[in-house]
Amino acid sequence: MRVTRYPRIRERLAPQLAGRLINELRDIAVVVKTLPVVTVSPDPYDNYLLATAAAGSADFLITGDKRDLLALELYEGTKIITVREFLTLHRKLP
């Protein structure tokens with residue numbers, strides 16, 4: 001929810017749509033209660049994302065963090081990709 005308030009995101013995603021998407025994600029989300037300790041990312045504040053992806057056996061971690069997360073490309077079977085790559089994979093973009 002916090003990210004949807006960033007000016008760059010608000011330019012592309014109306015608050016009403018963001019709220020609806022968050023509610024829909026809650027309906028299908030896998031909630032993980034115990035996270036492994038991860039110290040892989042150069043940015044220690046990103047390690048919880050990798051831990052969450054690993055604990056939830058995520059297929060994808062979608063991010064715009066080019067410097068740290070995208071540079072990893074893969075973690076514990078989770079592909080780390082951009083939104084554009086994800087949409088292209090799922091044929092939503094040419």
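Start by selecting Asp68, which is buried, with a relative accessible area of 5% (buried means under 20% relative accessible area, exposed over 50%, and partly exposed in between, with a 1.4 Å probe and protein chains only). Before going further, note that this is a predicted model, where local features need pLDDT of at least 70 and side-chain atom pairs count only at pLDDT 80 or more, while totals for chains, interfaces and linings use all residues. Residues are numbered from 1 along each chain as its sequence is written, and side-chain values use heavy atoms, with hydrogens and water left out.

**Stop 1: around Asp68**

Asp68 sits in the loop between strand 1 (60-62) and helix 4 (69-72). Helices here are DSSP runs of H or I with at least four residues, strands are runs of E with at least two, and both are numbered from the N terminus.

Now show the neighbours. Which residues does Asp68 touch, not counting those up to four places away in sequence? They are Ser41, Pro42, Asp43 and Asp46, where contact means heavy atoms within 4.5 Å.

The side chains of Arg67 and Asp68 meet in a salt bridge, at 3.2 Å from N to O (a salt bridge is a side-chain nitrogen of Lys or Arg within 4 Å of a carboxyl oxygen of Asp or Glu). The two side chains also make a polar contact, at 3.2 Å. That term covers a pair of N or O atoms within 3.5 Å; within protein, one must be able to donate a hydrogen and the other to accept it, and residues adjacent in sequence count only if both atoms are side-chain atoms. Is Arg67 buried or exposed? At 67% relative accessibility, Arg67 counts as exposed, whereas Asp68 is buried.

**Stop 2: the other salt bridge**

The count of salt bridges comes to two. Glu24 is partly exposed, with a relative accessible area of 42%.

**Stop 3**

Three of them form an open sheet in the order 1-3-2, with mixed pairing. Strand 1 and strand 2 stand at the edges, each with a single partner strand, so one side of each is left without a neighbour in the sheet.

Two strands count as paired if DSSP finds at least two bridges between them. Find Phe60 here: its bridge partner in strand 3 is Lys79.

On to strand 2 (residues 74-75), which runs antiparallel to strand 3 and is joined to it by two bridges. Leu74 stands opposite Lys79 in strand 3. Strands 2 and 3 form a hairpin with two residues between them, and Glu76 in the turn has a positive phi of about 50°.

**Stop 3: an aromatic pair**

The structure holds one aromatic pair. The ring centres of Phe60 and Phe86 are 5.3 Å apart and their planes stand at 80°, so the pair is edge-to-face. Rings of Phe, Tyr and Trp (its six-membered ring) pair if their centres lie within 6.5 Å; planes under 30 degrees apart count as stacked, over 60 as edge-to-face, and the rest as tilted. Phe60 lies in strand 1 and Phe86 in helix 5 (residues 83-89), so the pair ties together parts that are 26 residues apart in sequence. Phe60 is partly exposed at 25% relative accessible area, and Phe86 is partly exposed at 24%.

**Stop 4: Leu72**

Select Leu72, found in helix 4. Leu72 is partly exposed, with a relative accessible area of 27%. Leaving aside neighbours within four places in sequence, Leu72 is in contact with Val40, Leu50 and Ile80. To try a distance, pick the C-alpha atoms of Leu72 and Thr52: they are separated by 15 Å, and the residues are 20 apart along the chain.

**Last stop: zoom out**

Now display the whole chain, which has five helices and three strands. From the N terminus on, the elements run α-α-α-β-α-β-β-α. The C-alpha trace spans about 35 × 30 × 25 Å along its principal axes. Of the 94 residues of the chain, 21% count as buried.
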